[in-house]
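The following report describes how parts of one protein chain are arranged and how they meet. Please keep the sequence and the model in view while reading.

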Amino acid sequence: MISPAGYAIWASMEFETLIIGAGAAGMMCAAHAGPGVLIIDHAKAPGEKIRISGGGRCNFTNLHASPQNFISQNKHFCKSALGRYTQWDFIDLVDQHGIAWHEKTLGQLFCDHSAKEIIAMLRAEMDKAGAQLWLQTEVGEISHNGSRFSIALQREGQTRQITAGNLVVACGGKSIPKMGATGLGYQIATQFGLPVITPRPGLVPLMFSDEKFKPLAGVATPARVHAGDTSFDEAILFTHRGLSGPAVLQASSYWREGETIKINLIAGGDLMPALQGQRQTDGRKALTTVLSQHLPARLVDHLSQEIALTGNIADQSDATLAALCDHLSDWTLTPAGSEGYRTAEVTLGGVDTDALSSKTMQSKTVPGLYFIGECVDVTGWLGGYNFQWAWSSGWAAGQAIAAS
Ligand SMILES: Cc1cc2nc3c(=O)[nH]c(=O)nc-3n(C[C@H](O)[C@H](O)[C@H](O)COP(=O)(O)OP(=O)(O)OC[C@H]3O[C@@H](n4cnc5c(N)ncnc54)[C@H](O)[C@@H]3O)c2cc1C
C-alpha cells in the first residue's frame, strides 16, 4: 500500500516492548526486558554519548555512587533503582565481559582502552536477550488504545506501523543537539499528561558578559566552588568565555540565572600563616611574587586589578593580609549565563518523578508507559553518576517488564 506522501505502508508489526532511544538507559533496558523487544534510534549508531564520554574511555560508574550524588525535586526517587542495581552490579557485568578498567580519581571508573567496549558489551547483552535494533529510524505519531501503543516509525523511506504493549522512553535530554539530542521524551510525557520539570543545562561551563577572563584562558587551579547551598572541591579552569573545570561544572548544576557563585581559591591550605612566615623570611619580595607561589601567576595578575596587591610582603600588616585572605576565600562572581545545551553534559529537570513508580519507572496513570535515564528528573554529579542512573533505571524498567 502507498501513503499519500508516497511511502509504502507496511502491515502493522507487533512487539511486546518498544524502546525509543538506543543510548545507555535504552540498551540496558533492552538487555533485561524479556522477549519481543524492539529498540530504535534515529542515529546511525547506538550509544553515541557512551562513545565520546570520558574522553573516549567512558567514566562508566563511580565507586561511591549513592542517592546523595543526584539532583531531583524528589531526592528519594532514585533510591530504589540505585539500591537494586548498584555500581557493583555494573562492575560485575564489565568484568564478565573482560573489559579492563581503572579508578582515575574520586571513585571514577574508566575503561583502560575504549568506551566502545561498553557499547559492544551492551550490544552483546541485547543480542543475548534477542532484542531487535533499528537505527536511523524516526518516531512519528504515537497513540494508546488503553491496552497497546501504536507508533508510526519512518525507516528506509517507509512508514512502519508498530504496536507494543509497553513503550519505554529512553531518548535522553536536550544536551548536545549535534549528537542527536531532541527532547522527544518531554513531548511524549506531555502528550500522555505527565508533568515535566522545566529542563535546563547541567554540568556546563559558565560565561561572563565581559571578556575579563580571556587573558587567563588555560589557567587551572584547585578551588572550592559554592553555588546555592552546595560546594565542590576540585579544579577550576579559566576559558576564553569564562569558567569551566570539574568544580565549576559540578556547581553549575546548582546555579540559577542571576545568582552569584563564590570561589575559595585557598581552600587547600592555610594561606595566612604562610604569608606571615614569608613576611619574616622573604620580606623584600613583592606581594605579587609571594602570592604567585600559592596561586597561578596570571591569576594573581588578574586579582591585582580587583584588590590592591602593591608593595613588598614586609609592608603588609596582619589586617591587610587578613583582608587579602578573605577576598581570596570568598571570591564572588556573577555569571552572565551558561554555555547552554551546546556543551552541557546533562539536562537537569525532566519527567516529574511524582508521575512515575520509583520501583519500575512506569507511569502511574498510563499502564505500560516507562521513562528511564536522563529524560527523568534525576541528574547525577560529574564522575560516572549519570551512567549509573542510566544503568539502574534501565535495569529497573527492564526487570519490571520481563516480570509482567
Ligand atoms: C560529552 C559528554 C560526556 C559525558 N561523559 C560522561 C561520563 O563519562 N560519565 C557519565 O556518567 N556520564 C557522562 N555523560 C552523561 C551521559 O552521557 C548521559 O547522562 C547518558 O548518556 C544518559 O543516558 P540516556 O540513555 O538517558 O540518554 P542518551 O545516552 O543520550 O541516549 C538517548 C538516545 O536517544 C536517541 N534519540 C534522541 N532523540 C531521538 C528521537 N527523536 N528519535 C529517536 N531517537 C532519539 C539518541 O540518538 C540517543 O542514542 C556525558 C555526556 C556528554 C554529552
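Axes are lines fitted to C-alpha atoms, for helices over the stretch in contact, and angles between N-to-C directions run from 0 to 180 degrees. Helices (H or I, at least four residues) and strands (E, at least two) are DSSP runs, numbered from the N terminus. This is a predicted model, in which local features need pLDDT of at least 70 and side-chain atom pairs count only at pLDDT 80 or more, while totals for chains, interfaces and linings use all residues. Residues are numbered from 1 along each chain as its sequence is written.

**Helix packing**

Helix H1 (residues 24–32) packs against helix H12 (residues 385–403) at an angle of about 30°, and their axes are 7 Å apart. That angle makes H1 roughly parallel to H12, a label for angles under 35 degrees. Residues count as in contact if their C-beta atoms, placed from the backbone, lie within 7 Å; on the H1 side the contact includes Met28, Cys29 and His32, and on the H12 side Phe387, Trp391 and Trp395 are among the partners. By class, the contact of H1 with H12 has eleven nonpolar, six polar and no charged residues, where Ala, Val, Leu, Ile, Met, Phe, Trp, Tyr, Cys and Pro count as nonpolar, Asp, Glu, Lys and Arg as charged, and the others, Gly among them, as polar.

**Strands**

An open sheet is formed by three strands in the order E3-E6-E5, with antiparallel pairing, and two strands pair if DSSP finds at least two bridges between them. Strand E3 (59–62) and strand E5 (101–103) are the edge strands, each pairing on one side only. Helix H4 (residues 87–96) lies across E3 and E5 and runs at about 140° to E3.

| Strand pair | Bridges | Residues standing opposite |
|---|---|---|
| E5 and E6 (residues 108–111) | three bridges | Trp101 and Cys111 |
| E8 (residues 137–144) and E9 (residues 149–155) | six bridges | Ser143 and Ser150 |

E8 and E9 form a hairpin with four residues between them, and Gly146 in the turn has a positive phi of about 105°.

**Domains**

With bounds that come from an automatic or database domain assignment, the protein chain is divided into domain 1 (9–200 + 346–403) and domain 2 (205–338). Taken over C-alpha atoms, the centres of domain 1 and domain 2 are separated by 40 Å. Their contact takes five residues from domain 1 and four residues from domain 2.

Notes: Parallel < 35°, antiparallel > 145°, perpendicular 65-115°, else oblique. Contact = placed C-beta atoms within 7 Å.
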